[in-house]
Amino acid sequence: MGPQLSWYLALSAILFTIGAVGVIIKRNVIAMFMCIELMLNAVNLTFVAFSSYFQDVTGQLFVFIVMTVAAAEAAVGLGIIIAIFRNRETLDVDDASIMKL
Amino acid sequence: MSTLLFIVFAGMAIGCAIAMVSQTNPLYSAISLIGVFISLASIYVTLAAPFIAAVQVIVYAGAIMVLVIFVIMLLNVEHAEPRRRRLKFLVPLAVGMAGILLAETAFILYSVQSTPDRLAGNISNVGLTRSIGVGLFTGYLLPFEVTSVLLLMAIVGAMSLARRSTVLSSNARVVPGVQVLAMDIVNPRAVGDLRPVQTETTAEAAHLLGVDFQTDQNQPE
């Protein structure tokens, strides 16, 4: 008997929780960014597991699009991080609490 | 055999994720996150999704993490300084919210026990590149095209965000001849540094200040 669907869902839930806890407890913007990437990956694992479970390709197409969105998010997010660092000389989110750059 | 592979790679993924959150150095966090991506790619292979596994390694572990590590090294961040007094009250709040999340995870782990077992019984071509390509260019053509627009917007946004955004006042003019600017005008961080910086022309001064210099005479005075 191979691994069941519930195992993959459990792994995905654990990874998502670790990512969410990281977003809450981290103060470095780059570390928070990486925790968000981890949460996206946990959801991707759910998509692929269900796609394999139902023998339907739609889930994997969703994963493909999620990866594209993650790449766009990485480009824009890191641009924002560089802009914040250039203006404030810090990466601490507590110091970047107003919208004005 | 597949159970053993799942346990190995799931353990690697969880261990690397915990290591990522517990590190204080962002560079070590990034390397742990690459470990998570690689183990997830291995799990995708065991789930009969080789195309997604390859894209995971190429896009996530390759492109995105290289970008993240590049930014970490570019900004050269030191270790986190101790939290200031004003925000101490947020610590119990964060602990409480993390507890709620863990409880939700436990609930999910409890409730998914009852799903029927039908995973990957027969050989199929669902995860292959061909079936993904067919799906992407027939039924999901519109999301695919919208994604290209999204990527274009990301390119433009990243470029406009990462540019130097110093703006000279529209009244600023540099008279032809030898100009002497103090250092703290040229570089806002060098406050009080009055060493002179000499320029000859307006274009040169604009270059020193890091702004675009328009040569056309039509701009409003």
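Predicted model: local features only at pLDDT ≥ 70, side-chain atom pairs only at ≥ 80, totals over all residues.
User: What does the secondary structure of chain B come to?

Analyst: Chain B has eight helices and two strands, and from the N terminus on its elements follow the order α-α-α-α-α-α-β-α-β-α.

User: And how much of chain B counts as buried?

Analyst: Of its 221 residues, 20% count as buried; among the contacts in chain B with a separation of 6 or more, 46% are between residues 24 or more positions apart.

User: Switching to chain A, how far does helix 2 reach?

Analyst: Helix 2 of chain A, residues 29–54, has 26 residues and reaches 38 Å from its first C-alpha to its last, which is close to the 38 Å expected at 1.5 Å a residue.

User: Is that helix enclosed or open, and what follows it?

Analyst: Because 20 of its 26 residues are buried, helix 2 of chain A is largely enclosed by the rest of the structure, and after this helix comes Gln55(A), which has a positive phi, near 55 degrees.

User: How many residues does each chain bring to the contact?

Analyst: Chain B brings 68 residues and chain A brings 60 residues. On the side of chain B that touches chain A, helices 1, 2, 3, 4, 5 and 6 of chain B each supply at least two residues, and helix 3 of chain B gives the most, with eleven residues.

User: What is that side of chain B like by class?

Analyst: The side of chain B that touches chain A has 54 nonpolar residues, alongside twelve polar and two charged ones.

Key:
Residues numbered from 1 in each chain as written. Chains lettered and ligands numbered in written order. Helix = DSSP H or I, 4+ residues; strand = E, 2+ residues; numbered from the N terminus. Buried ≥ 20, exposed ≤ 12 C-beta atoms within 10 Å, placed from the backbone. Contact = placed C-beta atoms within 7 Å. Expected span 1.5 Å × (residues − 1). Nonpolar A, V, L, I, M, F, W, Y, C, P; charged D, E, K, R; others polar.
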